[in-house]
Amino acid sequence: MTAASAETQDLRGCLGRFATGVAVVTFDGFAGGEVKRHGLTINSFTSVSLDPPLVLIAVQRTVRAHALLAGRPFAVNVLAAEQRDLAMHFAGRPNTEPTWIEGRHAPRLAETASWFECTPWTEHDGGDHTLFLGKIERFDLRPGPCLGFADGTFFTIPEPT
């Protein structure tokens, strides 16, 4: 391992100490000449503005979904504690086919803790990522604990009492 790659791994480990929620971005995109549903597990998701209502997702440029997402409406699906399999499915370890819901702007996943249907607002260069801002068009939530991630491990974020 080179000094540069060791430093990158150390930086990744330091950043991984910050606990996040887990979300899956879903959208319809063209692949193989036809429109298909796509999803991508992310932990870089944040609210940006309430007026207008904006959220930000960061997507690594090297993932296949990156090019398919540009300029497309998308949904951010915040995963519930029991949805670890969905996180793994959309992180490149396919397992049980998810249950989809046809949204007005983008397809969503069933039974998530919350969801946001977004239309494209703007995109920004974020180094090896693209920062996609979406305008929230529709949203909802359900009660219950959420799925969290830190130090390479999933955990449950309890619902506040």
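Which element gives the most to the lining of the largest pocket? α1 does, with 6 residues. The legends below describe a predicted model, in which local features need pLDDT of at least 70, side-chain atom pairs count only at pLDDT 80 or more, and totals for chains, interfaces and linings use all residues. Residues are numbered from 1 along each chain as its sequence is written, and side-chain values use heavy atoms, with hydrogens and water left out.

**View 1. The whole chain.**
The protein chain has 3 helices and 12 strands. Helices (H or I, at least four residues) and strands (E, at least two) are DSSP runs, numbered from the N terminus. With a radius of gyration of 16 Å, close to the 15 Å that the globule rule gives for 161 residues, the protein chain is as compact as a globular protein of that length. The radius is taken over C-alpha atoms, and the rule is 2.2 Å times the number of residues to the power 0.38. Along the principal axes, the C-alpha atoms fill a box of roughly 50 × 45 × 35 Å. Of the 161 residues, 38% are buried. Buried means under 20% relative accessible area, exposed over 50%, and partly exposed in between (1.4 Å probe, protein chains only).

**View 2. The largest pocket.**
The volume of the largest pocket is about 1300 Å³. A pocket is an open set of points on a 1 Å grid over the protein atoms alone, where a 1.4 Å probe fits, with protein on both sides within 12 Å along at least five of seven lines; lining residues have an atom within 4 Å of a point. Grid points are joined across faces, edges and corners, and a volume is the space filled by probe spheres set on the points. The lining of the largest pocket holds 33 residues, and R12, N43, S44, H129 and F149 lie nearest its centre. At least two lining residues come from each of α1 (3-15), β3 (34-42), β5 (53-60), α3 (84-89) and β11 (146-150). By class, the lining of the largest pocket has 16 nonpolar, 12 polar and 5 charged residues. Nonpolar here covers Ala, Val, Leu, Ile, Met, Phe, Trp, Tyr, Cys and Pro; Asp, Glu, Lys and Arg count as charged, and the others, Gly among them, as polar.

**View 3. The second largest pocket.**
The second largest pocket has a volume of about 240 Å³. Its lining has 14 residues, and those closest to its centre are V78, A113, S114, F116 and L141. Two or more lining residues come from each of β9 (114-126) and β10 (129-141). The lining of the second largest pocket divides into 9 nonpolar, 2 polar and 3 charged residues.

**View 4. Strand β2 and its partners.**
Strand β2 (residues 23-31) is mostly covered, with 7 of its 9 residues buried. Two strands pair if DSSP finds at least two bridges between them. β2 and β3 run antiparallel and are joined by 9 bridges. A31 stands opposite E34 in β3. The two strands β2 and β3 form a hairpin with 2 residues between them, and G32 in the turn has a positive phi of about 65°. β2 also pairs with strand β6 (residues 74-78), in the antiparallel sense, over 4 bridges. V24 has N77 in β6 as its bridge partner. In strand β3 lies L40, which counts as buried at 14% relative accessibility.

**View 5. The open sheet β1-β11-β12.**
In this open sheet, 3 strands stand in the order β1-β11-β12 with antiparallel pairing. β1 (20-21) and β12 (153-157) are at the edges, each with a single partner strand, so one side of each has no neighbour in the sheet. The antiparallel pairing of β1 with β11 runs over 2 bridges. T20 has F149 in β11 as its bridge partner.

**View 6. The cysteines C118 and C146.**
The whole structure has 0 disulfides (pairs of cysteine sulfur atoms within 2.5 Å). C118 is in no disulfide, and the nearest cysteine sulfur, that of C146, is 17 Å away. C118 is buried, with a relative accessible area of 0%, whereas C146 is partly exposed at 22% relative accessibility.

**View 7. The loop residue T62.**
T62 lies in the loop between β5 and α2 (64-69). At 68% relative accessibility, T62 is exposed. T62 and H129 are 67 residues apart in sequence, and their C-alpha atoms are 8.3 Å apart in space.
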